[in-house]
Protein chains: 2
Amino acid sequence: MTRLPRTKPEIPTPALLVDLDRLERNLHRLAEHCRANGVSFRPHAKTHKCPNVARLQIAAGAVGISVATVFEAEAMVQAGIRGVLLTSPLAEPHKVDRMVDLVRGGSEVLIAVGHAMEVDMLAAASSDLGPSALNVLIDLDVGDRRTGVQPGDEAVTLAQQIATKKSLRLRGVQAYAGHASHVVGFAERAMASQAALALAVDAKQLLKQKGFEADILSCGSTGTWNIDSRFAGVTELQCGSYVFMDIDYRRIGGSDNAPLFVDFEHSLTVLSTVISAGHADRVTVDAGIKAFSTETPFRAEAVDQPHLVYTRTGDEFGIITLGGPGALPKLGDRLEFLPPHCDPTVHLYDQLYAMRGEQVEAIWPIRARREN
Amino acid sequence: MTRLPRTKPEIPTPALLVDLDRLERNLHRLAEHCRANGVSFRPHAKTHKCPNVARLQIAAGAVGISVATVFEAEAMVQAGIRGVLLTSPLAEPHKVDRMVDLVRGGSEVLIAVGHAMEVDMLAAASSDLGPSALNVLIDLDVGDRRTGVQPGDEAVTLAQQIATKKSLRLRGVQAYAGHASHVVGFAERAMASQAALALAVDAKQLLKQKGFEADILSCGSTGTWNIDSRFAGVTELQCGSYVFMDIDYRRIGGSDNAPLFVDFEHSLTVLSTVISAGHADRVTVDAGIKAFSTETPFRAEAVDQPHLVYTRTGDEFGIITLGGPGALPKLGDRLEFLPPHCDPTVHLYDQLYAMRGEQVEAIWPIRARREN
């Protein structure tokens with residue numbers, strides 16, 4: 001077989017690269033901020049699906065890793081990660097069995113439950129386990145109307161149901177405000193997130209008043225990292241994208257009204273090659289629909305070459321034209337792009353080239369895309 | 001580990017399913033049509049990336065399999081597929097080496113070359129092989145301005161260069177009209193495709209007049225399958241999507257002005273589960289940005305449930321609302337969707353559940369997404 005690439009020019013394209021210096025500064029920045037504000041962090045692995053990145057997050061002080069799917073949970077547990085929190089509700093019996101199997105295998109796992117049927121399924125699947133073997137959070141719907149129960153009576157009702165199940169132990173609540181994460185403008189974003197968090201803190205208080213254990217309040221996105229960390233009652237952040245960053249987050253604006261959100265560095269790029277240059281007004285790169293996420297706007301974000309405009313034109317092709325003064329790249333040239341949205345871009349690849357400058361320091365597998 | 005699912009209700013979602021009865025009818029339909037029209041077919045594997053599907057295509061009479069990337073070429077060759085045609089140009093030395101390695105290993109491979117640099121690279125990498133060891137086509141740019149040389153003088157110049165390389169053997173031309181495949185309306189589509197094909201046939205004639213071997217004219221998409229097959233001078237079709245179909249192709253309209261293109265059946269679906277149902281106006285399914293291609297419009301194509309409207313709302317979530325009379329599905333219900341665009345949807349999955357009705361007949365790996 002071909003030997004592994006050792007430098008950037010040897011990497012076959014399109015390829016997903018992470019700059020380790022930038023990644024490490026991002027890891028350090030969130031960790032320091034959380035320590036300074038007395039809040040824990042359990043970063044979300046749906047961004048990277050990569051045990052290597054998860055281990056670095058744990059090494060930086062994370063109390064665990066959040067995951068969106070059972071496949072991600074299994075991959076992280078298999079990689080030796082402790083404190084895995086499944087943040088999405090389950091409604092399939094075999095997936096419930098798989099989560100319970102992780103606990104049966106000795107793993108420390110948390111599950112954010114979103115409805116009464118899930119509580120019944122989890123209890124049935126774990127009935128042979130010891131008392132309080134399965135740690136759960138109540139998933140609260142704090143405004144994005146996507147998953148979870150309403151804070152207030154619905155949350156209390158779910159807590160009462162959980163209390164009747166010997167093998168389950170209620171540990172707190174989850175309140176992900178998906179509708180707040182990408183609000184443009186720091187003040188507007190803070191307002192949206194704080195309104196959601198107020199509901200969650202009240203719900204947690206209500207549960208405690210009713211005598212339930214509810215110590216954990218898990219929440220937060222990269223867009224609200226320095227908002228949620230200062231909100232009294234929040235115990236841990238679930239930020240995911242902060243490790244890589246992307247164009248979608250850059251657009252939301254920073255604190256003190258900065259037009260761009262630059263709290264974290266762009267560590268993730270897509271490397272491509274110019275494979276056709278037969279026209280005066282354009283060249284073709286080998287990065288198309290299968291190389292970049294496509295659900296959000298994406299116009300030319302070639303690193304250090306702002307005069308180039310990218311337009312996708314097929315599974316494996318993108319067209320580069322001029323959007324300002326400068327020259328088109330030449331046949332065989334490499335172009336490196338910032339990803340539009342990091343999570344679904346990562347999902348398009350099987351591995352991540354971990355770069356130290358121009359050197360390939362490691363090749364990290366992206367796991368748990370589905371069943372792998 | 002969990003035992004493999006044997007029936008549809010046991011399949012963990014989101015999952016990619018292929019209905020084998022429909023797939024087989026699609027395979028048969030294209031094969032019969034090609035036989036009746038005296039044209040060969042070398043269907044495109046960028047649609048499925050699945051050796052199992054490629055083998056069925058070969059069994060149906062395909063002369064080979066087209067591929068878009070070196071990774072796909074390697075996966076198909078490893079699976080024992082003969083007649084692999086790489087349809088995209090190369091500009092990376094190590095990828096050229098990998099293609100030449102396939103030939104060195106005894107594989108029958110065709111490469112559509114798009115520029116002079118590629119000819120030089122291929123010749124240099126294959127100089128130790130025997131005369132005419134490497135079969136090439138000239139990739140023509142017949143209007144989509146994406147890859148290839150212009151038909152006419154540019155094609156002749158490339159042919160002259162190829163003729164100076166001992167190890168290369170020119171076999172013909174490739175003329176993919178990407179701009180014609182999805183033209184809405186049969187007459188308009190036929191006009192666009194025939195204009196492109198006329199350029200390709202003329203170029204092939206010119207090459208023959210100049211004394212070059214140019215027997216192959218490889219072209220065609222699923223949208224132009226019954227247009228290109230009847231165009232004199234065309235020798236083989238590269239249709240890919242016909243095996244699965246998708247919403248993008250359904251929109252283009254059929255012959256005799258039918259509003260929908262129903263020449264092939266929808267064999268591919270995405271299976272999802274309702275995982276949250278806490279609101280009166282909506283439920284949430286577990287299929288989001290990572291479950292469906294997102295570069296083309298997609299509004300609710302739940303199989304047999306046209307009253308449901310789908311809106312993506314995160315990596316792993318989609319919202320279902322009512323768009324007409326009928327009821328919302330319930331928690332735990334399954335919903336099956338037609339894919340917006342099959343190629344990039346397949347690229348999101350690692351395996352394909354091959355279904356015979358409600359039974360899982362096999363689980364097929366999706367290979368060659370990138371380096372796997």
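Okay, let's start with the symmetry: chain A can be laid on chain B with an RMSD of 0.0 Å, using a turn of 180° and a shift of 0.0 Å along the axis. That superposition is by least squares on the C-alpha atoms of residues with pLDDT of at least 70 in both copies. The two copies are thus related as by a two-fold rotation axis. And the same surface serves both copies, with 100% of the contact residues of chain A recurring in chain B; contact here means heavy atoms within 4.5 Å.

A bit of housekeeping. This is a predicted model, where local features need pLDDT of at least 70 and side-chain atom pairs count only at pLDDT 80 or more, while totals for chains, interfaces and linings use all residues. Residues are numbered from 1 along each chain as its sequence is written, chains are lettered from A and ligands numbered from 1 in the order in which they are written, and side-chain values use heavy atoms, with hydrogens and water left out.

Now the interface. On chain A, 66 residues are in contact with 66 residues of chain B. The buried area between the two chains is about 5400 Å², and carbon and sulfur atoms give 50% of that. By buried area I mean the accessible area (1.4 Å probe) that two parts lose on being put together, summed over both.

How many salt bridges are there across the interface of chain A and chain B? The rule finds ten, the rule being a side-chain nitrogen of Lys or Arg within 4 Å of a carboxyl oxygen of Asp or Glu. If you want one to look at, go to Arg145(B) and Asp281(A), whose side chains meet at 3.1 Å, N to O.

Which elements of chain A give two or more residues to the side that touches chain B? They are helix 3 (70-78), helix 4 (93-104), strand 10 (268-276), helix 10 (342-346) and strand 15 (351-356). Strand 10 of chain A gives the most, with four residues. Helices (H or I, at least four residues) and strands (E, at least two) are DSSP runs, numbered from the N terminus.

Moving on to salt bridges over all chains, the count comes to 56. One I'd point out is Glu336(A) with Lys8(A), closest N and O atoms 3.0 Å apart. That pair links distant parts of the chain, 328 residues apart: Glu336(A) is in strand 14, and Lys8(A) is in the segment before strand 1 (15-19).

A cis peptide bond joins Thr13(A) to Pro14(A), omega about -5°. Over in chain B, the bond from Thr13(B) to Pro14(B) is cis too, with omega near -5°.

Aromatics next: the whole structure has 14 aromatic pairs over all chains. Rings of Phe, Tyr and Trp (its six-membered ring) pair if their centres lie within 6.5 Å; planes under 30 degrees apart are stacked, over 60 edge-to-face, the rest tilted. Tyr310(A) and Phe337(A) are edge-to-face, 5.5 Å centre to centre with 65° between the planes. Tyr310(A) lies in strand 12 (residues 308-312) and Phe337(A) in strand 14 (residues 334-337), so the pair ties together parts that are 27 residues apart in sequence.

Last stop, Asn257(A): phi is near 60°, a positive value in a residue other than glycine. You'll find Asn257(A) in the loop between helix 9 (247-250) and strand 10 of chain A.
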